[in-house]
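Please open the model in your viewer and keep the selection tool at hand, for this tour goes from one group of rings to the next.

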Amino acid sequence: MKVTFPHMGHLWLVLQTALEGIGLEVVVPPPCTRRTLELGVRHAPESACLPLKVNLGNFLEAKELGADTIVMAGGVGPCRIGYYAQVQREILRDIDCEYEMVVFEPPDVHFSEVWDKVKYLNRRPWQEGVGGVILAWQKACAVDALEQEVQRLRPREERPGQADAVFRRALQGLAAAGNRREINRLVKESRAELAAIPRQPEVSLLKIGIVGEIYTVLEPLVNLNIERRLGALGAEVVRGLFLSRWINDNLFRGLLPLPGHHPEKTAPPFLNHFVGGHGWESVGDTVTFARQGCDGVIQLAPLTCMPEIVAHSVMPAVQQAKGIPVMTIYLDEQTGEAGLQTRLEAFVDMLRRHKNKIVG
Amino acid sequence: MSAIYLGIDVGSVSTNVVVLNQQCQLLTSVYLRTHGQPILAIQEGLRRVVATLGRDLEVAGVGTTGSGRGLAAVMTGADVVKNEITAHAVAASYAVPGVQTVLEIGGQDSKIIILRQGVVTDFAMNTVCAAGTGSFLDQQAARLGIPIEDFGRLALGAQNPVRIAGRCAVFAESDMIHKQQQGHPLNDIVAGLCEALVRNYLNNVGKGKEILPPVVFQGGVAANAGMRQAFSRALGTEVIVPEHFGVMGAFGAALLAREAGPKVSSFRGFELTEREFRTGGFECRGCTNHCEVVELKEGKEILARWGDRCGKWSNAVAV
């Protein structure tokens, strides 16, 4: 059995460790590129949202490397992604791409449904498997900690791209790390490298919060590297969505003491319900970012994303009440970057002129 | 010798050059079709500036804007490179101090900019819908066999503008043909088209925005009296069209260059109209992204490269 999974930002590193930890042979799909998108778009229904298409491209590219089993997330609720595993299974069957699909989703009746799937995949004694999963979790935390430093550094570094180069190397190292000590050493070394990067003389920076649908927020192919672009424009990016927090919120039910999402506390009175996906969190995070003194918020979503459309329609009220500008960007198959760049530049210009006016 | 500021707006449809003096007065402006050849358009634009104002010019600053702003900046040695939103907002604020809403409709895109106390607070751009831009009017004028210049005059003569679906250029066209076949007069159809475009613009680009007066209407389409009337009817307020409505992007870029006030402009001289610039491209095979890398050359020297995602090529040449 050779297992693969869809890409979502740095998720591959975590899943690879966890699945190898339970004794499986893992095929990591090649990094998302334009080819991935083209393959996915060719076979996916036109009206589906972007995650389905890119995931499908991942599966087709992993097949070329010999994968035969897919581990995919399912779900319940208004977001369509919960149903995508089934749609993808049908599409792959139609185009004669042989795959077995193991779908993890919240159980209908009893937790044993999930358990049975884990048992089916597991190839090792339980103690060892648990060790692998813990290692994966530690890697997720390490990646997120480093990424937050990179976010802080991007607008401050003298030559753009240096922090990202360190981060890329760190990711490769973390993927190969076999135990906790190695992870800690890598984090320490990378931190030192990041600290040594020459910085610009202190300038007044903007702070922009990113909210939205998790896939578009975390996958740089899809969001056209929005965080790097903003960094180069002199804006520090913050976001509430991180892999480790998402795992803690969704898989560990918020058991670990990490800053989690509490839209039930922050989103009302603008939005009082779960609306699927991360729509509720988008509204809640926008309120939080406004309180933390961010200069603006950018909401990202795949075109036709229902939960984010609901959040989008609430944003004008949030904007007015909290006095924070919000720009919504819908992402789709377009690879032309000029349009996005113009919007980002204009948004950053607007925030900067606004800020100078308040200060001056 | 008088010091001047150059503003260059390289758009997909038109390339405009504006020359301002120290007092921000417009000395000359050039409006050219880009015809997909921005380099030639920029050179021709500068040539015309020299033809009008003579060679005895001291360029104190250059600003570029529009979708070709990067290319124009490398070619001319610009001091300021700004996106269209900021450039248009700056120009509108200068032309009409205290402006709160800017409606801009060009050939292939349209935007709305909301300002409060002279600062942009919100904006939106149309990218996907042809029915919200000037090319929609162009096409329909061509279908009706009337020159676009007469469009406004015809619309003003309408008694009862017909209702035409404005949501989509294709629906609008079939709706319009239907109304023609029913025998509605041309004036009413033309006025109906203007109203359809305004509806589309307000619903698409202007959705959710608080449109407060003074309202400035600029961009090539502002030349159309029918559109001006349709906007002021739909908004229930006067719509101001600034004197240089067609070149406001370039105007704004020149103002921004003046505001930046470089000690010495990095302008590369009017001789650049005679130099040979070429763009070339290749597909990078470094990974499966297969980025289309574009390079700008002057003679044998590579001035700039762009189009790669990873920075492998664009960082190799200092811009």
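Which residues form one aromatic cluster with Tyr201(B)? Select Tyr201(B), Phe217(B) and Phe231(B), which together make up that cluster. This is a predicted model, in which local features need pLDDT of at least 70, side-chain atom pairs count only at pLDDT 80 or more, and totals for chains, interfaces and linings use all residues. Residues are numbered from 1 along each chain as its sequence is written, chains are lettered from A and ligands numbered from 1 in the order in which they are written, and side-chain values use heavy atoms, leaving out hydrogens and water.

Over all chains, the whole structure holds six aromatic pairs (rings of Phe, Tyr and Trp, the last by its six-membered ring, pair if their centres lie within 6.5 Å; planes under 30 degrees apart count as stacked, over 60 as edge-to-face and the rest as tilted).

Next, select Phe59(A) and Tyr99(A), an edge-to-face pair at 6.4 Å centre to centre with 65 degrees between the planes. Phe59(A) lies in helix α3 (residues 50-64) of chain A and Tyr99(A) in the loop between α4 (81-94) and β4 (100-104), so the pair ties together parts 40 residues apart in sequence (helices, H or I, at least four residues, and strands, E, at least two, are DSSP runs numbered from the N terminus). Phe59(A) is buried, at 0% relative accessible area, and Tyr99(A) also counts as buried, at 14% (buried means under 20% relative accessible area, exposed over 50%, partly exposed in between, with a 1.4 Å probe and protein chains only).

Finally, return to Phe217(B) and Phe231(B), whose ring centres are 4.9 Å apart and whose planes meet at 65 degrees, so this pair is edge-to-face.
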